[in-house]
Amino acid sequence: MGELVDRVDEEDLVVGVVERAEAIEKGWLHRVATTVCRDPRGRILVHRRPDGISRFPGQYNWLIGGAAEAGESYEEAAARELSEELGVFGVPVRHVFKFLCRGEISPYWLGVHEAVVRGAIVPDPTEIDWYGWFGEGELLEAVGRGRFVSDGVEALRRYLAA
């Protein structure tokens, strides 16, 4: 059995549990939780996805995250993804906003969180090929000239407006 996620409706209410692959294939709404990682100086973590990965290979992103598992809250999923992708444990995540993202691969509800990451990170090489810390101005410049995940660019626009 594949990764189970909550299938949700246009109001983000759970209507069932399905495999994530099926939700993507059939365009069913589900939940994705992401985190904007800042260092104590306020810089934002930017990373590059590996070339061989199934979703957004070789592209840059400023969000860390993934699908919320069935029954998992956005905050729980965001914290789990930080531990899985960055090797960061016990870092509190703060909900910033959520929106219905019409996504490049499929539609989903995207929960955006923030966390201050102190100390060393140990990125999962199957998820993160490279990373660096950017000021907001540097991030905007990089987005303007680089290959960034399109869903993340939409989230950045909303994040900066919030």
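Trainee: How many disulfides does the structure hold?

Mentor: The structure holds zero disulfides, a disulfide being a pair of cysteine sulfur atoms within 2.5 Å. Please note that this is a predicted model, in which local features need pLDDT of at least 70 and side-chain atom pairs count only at pLDDT 80 or more, while totals for chains, interfaces and linings use all residues. Residues are numbered from 1 along each chain as its sequence is written, and side-chain values use heavy atoms, with hydrogens and water left out.

Trainee: Is Cys37 buried or exposed?

Mentor: Cys37 counts as buried because its relative accessibility is 0%. Buried means under 20% relative accessible area, exposed means over 50%, and partly exposed is in between, with a 1.4 Å probe and protein chains only. Cys101 counts as buried too, at 4%.

Trainee: Now to helix 4. What is its extent?

Mentor: Helix 4 covers residues 150-161, has 12 residues and reaches 17 Å from its first C-alpha to its last, close to the 16 Å expected at 1.5 Å a residue. The expected span is 1.5 Å times one less than the number of residues. Helices (H or I, at least four residues) and strands (E, at least two) are DSSP runs, numbered from the N terminus.

Trainee: Which residues of helix 4 are buried?

Mentor: They are Asp151, Gly152, Ala155, Leu156 and Tyr159. Seen down the axis of helix 4, the buried residues fall within an arc of 140°, so they line one face of the helix; the arc is that of the directions from the helix axis to the C-beta atoms. Exposed residues Arg157 and Ala161 are on the face turned away from the buried side.

Trainee: What do the buried residues of helix 4 pack against?

Mentor: Their partners include strand 3 (31-38), strand 7 (94-101) and helix 3 (136-145), where contact means heavy atoms within 4.5 Å.

Trainee: Which residues of helix 3 and helix 4 meet?

Mentor: Glu136, Leu139, Leu140 and Val143 in helix 3 meet Val153, Leu156 and Leu160 in helix 4. The axes of the two helices come within 12 Å and cross at roughly 145°. These axes are lines fitted to C-alpha atoms, for helices over the stretch in contact, and angles run from 0 to 180 degrees between N-to-C directions.

Trainee: Changing topic, where is Glu81?

Mentor: Glu81 is in helix 2, residues 74-86, and counts as buried at 6% relative accessibility. Not counting residues up to four places away in sequence, Glu81 touches Ile64, Gly65, Gly66, Ala67 and Leu86.

Trainee: What covers the buried residues of helix 2?

Mentor: The cover includes strand 3, strand 4 (44-48), strand 6, strand 7 and strand 8. After helix 2 comes Gly87, whose phi is positive, near 65°.

Trainee: And where does Glu69 lie?

Mentor: Glu69 lies in the loop between strand 6 (64-67) and helix 2, and it counts as partly exposed at 34% relative accessibility. Glu69 and Val5 are 64 residues apart in sequence, yet 4.7 Å apart in space, C-alpha to C-alpha. Leaving aside neighbours within four places in sequence, Glu69 is in contact with Leu4, Val5, Asp6 and Arg80.
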